[in-house]
Amino acid sequence: MIDQITVFLENKEGRLLALCRCIGDAGVNMHAMTIAESADFGLVRIICDDPQKALEALNAADFRANKTKVVGIVVPNRPGGVADLLEILDDLNLNIEYGYCFSINNDEAADVFKIHGDAESAGAAFKLEEAGFKVLSQEDLA
Amino acid sequence: MSIDQDVLKLPHDQIEQIQLDGIKKTAVRVYENVPFYKNSFDEARFNPYEINSLDDLSKAPFITKQDLRDNYPYKLFAVPMEDVLEIHMSSGTTGIATVGGYTKHDLDIWGECFGRGVTYADGGPKDIVHVCYGYGLFTGGLGAHYGGLCSGATTIPMSAGNTERQIRVLKEMGSTIICCTPSYAMHIADTAIEMGLDPAKDFHLRAGIHGAEPFSDNFRADLEKKLNYKVLDVYGLTECMGPGVAIECMEQTGLHLAEDHFYAEIIDPATGKNLPDGEWGELVLTSVDREAQPVIRYRTKDITRIIPGECACGRTHRRIDRLHGRTDDMMIIRGVNVFPSQIEDVMETFDDVSSWYQIELSTKNSLDVVTLKAEVNPGFDLDSVASIENLQNSIQAKLKTALAVGIKVKLVEPKSIPRSTGKAKRVIDLRKENEK
């Protein structure tokens, strides 16, 4: 399991820049960033090498930020890679709230899933490891 | 100095006699010395020499804030300028500033009236009164200051601002009673908590005398919890002296009017007719014994009521209810009357938003649009768009039930709503600008 930082941003000019600058100035390196948007606000989700440090820097700068546990899985670089992965999870009756993808290096990519419920999340990670997938831990990203 | 406690427990008919005797003299004095009153009494065919009961006063014409502005700066003074010792001006929340003048006698009364609040909080010479209303033309600072002195308490003239220094003084100098606006008290409490202090333990406060802006029961409860003290509401206005016209006692069931110095009526703001005790309407005040600038039937525009019956504390001065807003703060949104305090009551039932909110009125396709901005609190699970939208929707639904008008709720980032050291600016009206 890895830690994702979620930041609440108003739809206002310059806020995303301020957010990224804040994390950069804290010496934190981002691996992935995705934005979920509504009419009035955005939620920025970030995977980085030091989530705790990022969270502290954001709170100190008066951003409203949370830390959330998500499952990160290394996906094979071939057609059907993600489908194989989801098939393993299929009979667990999970609710995947959202997901996105980022590349770790030229050969490998990782999928990130937010699965509803802590126990369900851990169960999914265990099942994926059993099936031979590499489930990322925070140390893998440091 | 000390505060006369006996006058607060006089039988009410004796208080009424003091009022009648005082008003008879005051009405004649203004008629003979102030051209404005000569004209307005004559025009209304009101004879100030024939006031035989307090009820007769209801035949006198009103004086309004506009009359005060029209007679700027000194034309309503009823004494020669050499007898005027001090000048104050209103904070001008709703327009041009209005002037208040005070003789030695007027300043003594002011200190006495506000000082009663200190004694309502069981305070006196052993107390330390921390005044962080702004000092200067605003009546809050010096009014509370004179009250502190008059009660015999040690008075610290902090004035507003420099919040970290306020916190240091509150912690280190043992202040027991704090006087400021309720929103500034909240700002001090929140800043202290942010600095890693627990103001409930680290401060030594027993009571706060807070006024100059309306605040809800929930806001009061929140303050009392954070600062571990009792909040007493104080009412006043520059046009009729300043803070101290009415102050709550520890029963917290309404504000005791200083009835030996002010005579209060409640009128229907639309018709100007007097309303019976218990009914909500506009407060109208008459000076019993003010010298420099007495008012006869001043329309305060503040909405309250006279609370019928006696207070459990045993004081006989009648109480007004906590202010329900001002006739000119009242927003008319798509034909529905809305007071900011009603919105505040709803907001404070939600733990996930802070006490800071702002209402923005605008026009879209010639319809009023109300947007309420509120800050999300730490600890709220904001990981999904749905969780934020659910919070917005549930606040919207509750507001709709409480106000019978739709308000769009917009959650905003921390500290994006400006903090104030004086009166909080809760409402921003862009409707006129939208029409341009």
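Author: In chain B, strands β8(B) and β9(B) pair over 3 bridges and run antiparallel. Two strands are said to pair if DSSP finds at least two bridges between them. Helices (H or I, at least four residues) and strands (E, at least two) are DSSP runs, counted from the N terminus. The model is a predicted one, in which local features need pLDDT of at least 70 and side-chain atom pairs count only at pLDDT 80 or more, while totals for chains, interfaces and linings use all residues. Residues are numbered from 1 along each chain as its sequence is written, chains are lettered from A and ligands numbered from 1 in the order in which they are written, and side-chain values use heavy atoms, with hydrogens and water left out.

As for cover, 6 of the 6 residues of β8(B) are buried; buried means under 20% relative accessible area, exposed over 50%, and partly exposed in between, with a 1.4 Å probe and protein chains only.

In chain B, 9 strands form an open sheet of mixed pairing, in the order β4-β3-β5-β6-β7-β8-β9-β14-β13. At its edges stand β4 (154-157) and β13 (306-307) of chain B; each has a single partner strand, so one side of each is left without a neighbour in the sheet. Strand β9 (residues 255-257) of chain B is joined by 2 bridges to β14 (residues 319-320) of chain B, and the two run antiparallel. There, Leu255(B) has Ile320(B) in β14(B) as its bridge partner.

Helix α7 (residues 182-194) of chain B touches β5 (177-180) and β6 (207-211) of chain B, and its direction makes about 120 degrees with that of β5(B). Helix α9 (residues 217-227) of chain B touches β6, β7 (230-236) and β8 (243-248) of chain B, its direction making about 130 degrees with that of β7(B). For these angles, axes are lines fitted to C-alpha atoms, for helices over the stretch in contact, and the angles run from 0 to 180 degrees between N-to-C directions. Contact means heavy atoms within 4.5 Å.

One residue shows the packing in detail. Ala185(B) lies in helix α7 of chain B and, at 1% relative accessibility, counts as buried. Leaving aside residues up to four places away in sequence, Ala185(B) touches Cys180(B), His210(B), Leu223(B), Leu227(B) and Tyr229(B).

The side chains of Arg206(B) and Asp127(B) form it, at 2.9 Å from N to O. Arg206(B) is in the loop between α8 (199-202) and β6 of chain B, and Asp127(B) is in the loop between α4 (104-120) and β3 (128-131) of chain B, so that the pair links distant parts of the chain, 79 residues apart. The term requires a side-chain nitrogen of Lys or Arg within 4 Å of a carboxyl oxygen of Asp or Glu. Arg206(B) is partly exposed, with a relative accessible area of 34%, whereas Asp127(B), at 5%, counts as buried.

The chain as a whole gives the setting. Chain B has 12 helices and 20 strands, and 56% of its 436 residues count as buried. Among its contacts between residues at least 6 apart in sequence, 66% join residues at least 24 apart. Chain B exposes about 18200 Å², of which carbon and sulfur atoms supply 50%. Accessible areas come from the Shrake-Rupley method with a 1.4 Å probe, and for residues only the protein chains shown count as cover.
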